[in-house]
Amino acid sequence: SSVSMVRCGIIACTARYNVGVYSFFAALVVTECTFSDLEAEVHGGALSCFGSFGRLSVFNSTVVRCSTASSSAVLFASSGSTTTLTDLVVRNCSSRESSAVRVFGSSTVYMVGVSFTGCRGVSGGAIHSEGTAELTNVTIASCTAAESGGAIYQSSGILRVRRCAITGCVANQLSVDDEFGGGALHWQRPGRLPGIADFRVLCPKWWSLLLVWRSDPGLAFGR
């Protein structure tokens with residue numbers, strides 16, 4: 001069985017853990033909801049999905065100005081969980097430690113028709129993944145990482161990208177040892193990139209796109 005939320009709004013709330021909705025070893029479906037001005041000290045500012053039976057599905061919803069001091073401002077997906085984000089709009093969310101979306105451990109996150117605009121993080125302005133992340137028709141614009149992956153930081157696991165676009169994203173820190181950089185994507189081995197198709201990168205400064213001598217525009221590869 002599952003619990004459904006339809007046309008709900010969660011606005012201007014704070015908590016130590018998981019402010020908005022929290023799927024804990026259960027199934028939760030969120031449709032046409034708004035999450036605005038939420039602040040968590042740890043884990044998801046708006047959405048969290050935990051446990052091997054955790055299933056979170058979000059449709060046609062909006063997340064605006066959510067933040068967290070630790071982990072992810074929009075979604076924290078814990079190891080073993082499965083999350084599907086469809087037609088989600090994310091604007092001006094920030095994390096002081098990670099990113100807007102954190103795909104943690106062995107979790108799987110599917111994103112279809114999701115847009116990120118003006119998000120800020122440390123490792124990944126929009127997405128930090130070490131699990132399995134599948135992106136289809138996703139746009140990431142004007143996002144910033146303090147260290148690596150202005151749009152996406154893939155530390156391990158699998159990243160699949162189809163018909164996606166990254167525009168105007170910046171990684172603020174570069175290094176000669178391949179540890180930082182990548183205005184669009186920072187891929188930290190031993191992650192795998194098995195399928196990238198129709199992937200467009202338009203970022204403003206060439207030095208924020210290329211990490212030292214790497215040849216792929218907008219991509220940085222760690223050790």
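This is a predicted model: local features need pLDDT of at least 70, side-chain atom pairs count only at pLDDT 80 or more; totals for chains, interfaces and linings use all residues.
Leu-47 is buried, with a relative accessible area of 0%, where buried means under 20% relative accessible area, exposed over 50% and partly exposed in between, computed with a 1.4 Å probe and protein chains only. Residues are numbered from 1 along each chain as its sequence is written, and side-chain values use heavy atoms, with hydrogens and water left out.

Leu-47 belongs to strand S8, residues 47-50; strands (E, at least two residues) and helices (H or I, at least four) are DSSP runs numbered from the N terminus. Leaving aside neighbours within four places in sequence, Leu-47 is in contact (heavy atoms within 4.5 Å) with Val-21, Phe-35, Leu-56, Val-58, Val-74, Leu-75, Phe-76 and Leu-85. Leu-47 and Val-19 are 28 residues apart in sequence, yet their C-alpha atoms are 7.5 Å apart in space.

The chain as a whole can now be set around this residue. It contains 1 helix and 29 strands, and buried residues make up 55% of its 223 residues. Of the contacts between residues at least 6 apart in sequence, 81% join residues at least 24 apart. The chain exposes about 9000 Å², of which carbon and sulfur atoms supply 53%; accessible areas come from the Shrake-Rupley method with a 1.4 Å probe, and for residues only the protein chains shown count as cover.

Rings of Phe, Tyr and Trp (its six-membered ring) pair if their centres lie within 6.5 Å, and planes under 30 degrees apart count as stacked, over 60 as edge-to-face and the rest as tilted. One of these pairs is formed by Tyr-22 and Phe-50, which are edge-to-face at 5.2 Å centre to centre, with 85 degrees between the planes. Because Tyr-22 lies in strand S4 and Phe-50 in strand S8, this pair ties together parts that are 28 residues apart in sequence. Tyr-22 is partly exposed at 40% relative accessibility, whereas Phe-50 is buried at 14%.

The rings of Phe-76 and Phe-104 have centres 5.6 Å apart and planes at 35 degrees, so this pair is tilted. Phe-76 lies in strand S12 and Phe-104 in the loop between strand S16 (99-103) and strand S17 (108-112), so that the pair links distant parts of the chain, 28 residues apart. Phe-76 counts as buried at 6% relative accessibility, while Phe-104, at 33%, counts as partly exposed. Tyr-22, Phe-24, Phe-50, Phe-76 and Phe-104 form one aromatic cluster, and Phe-76 is also among the contacts of Leu-47.

Tyr-22 and Phe-24 lead on to the surface, where they form a nonpolar patch with Phe-25 and Phe-53, with about 470 Å² of accessible area together. Patches are made of residues with over 30% relative accessible area and no salt bridge, with like charges joined within 9 Å and nonpolar side chains (Val, Leu, Ile, Met, Phe, Trp, Tyr) within 5 Å; a salt bridge is a side-chain nitrogen of Lys or Arg within 4 Å of a carboxyl oxygen of Asp or Glu. Phe-25 is found in the loop between strand S4 (21-24) and strand S5 (27-31), and at 43% relative accessibility it counts as partly exposed.
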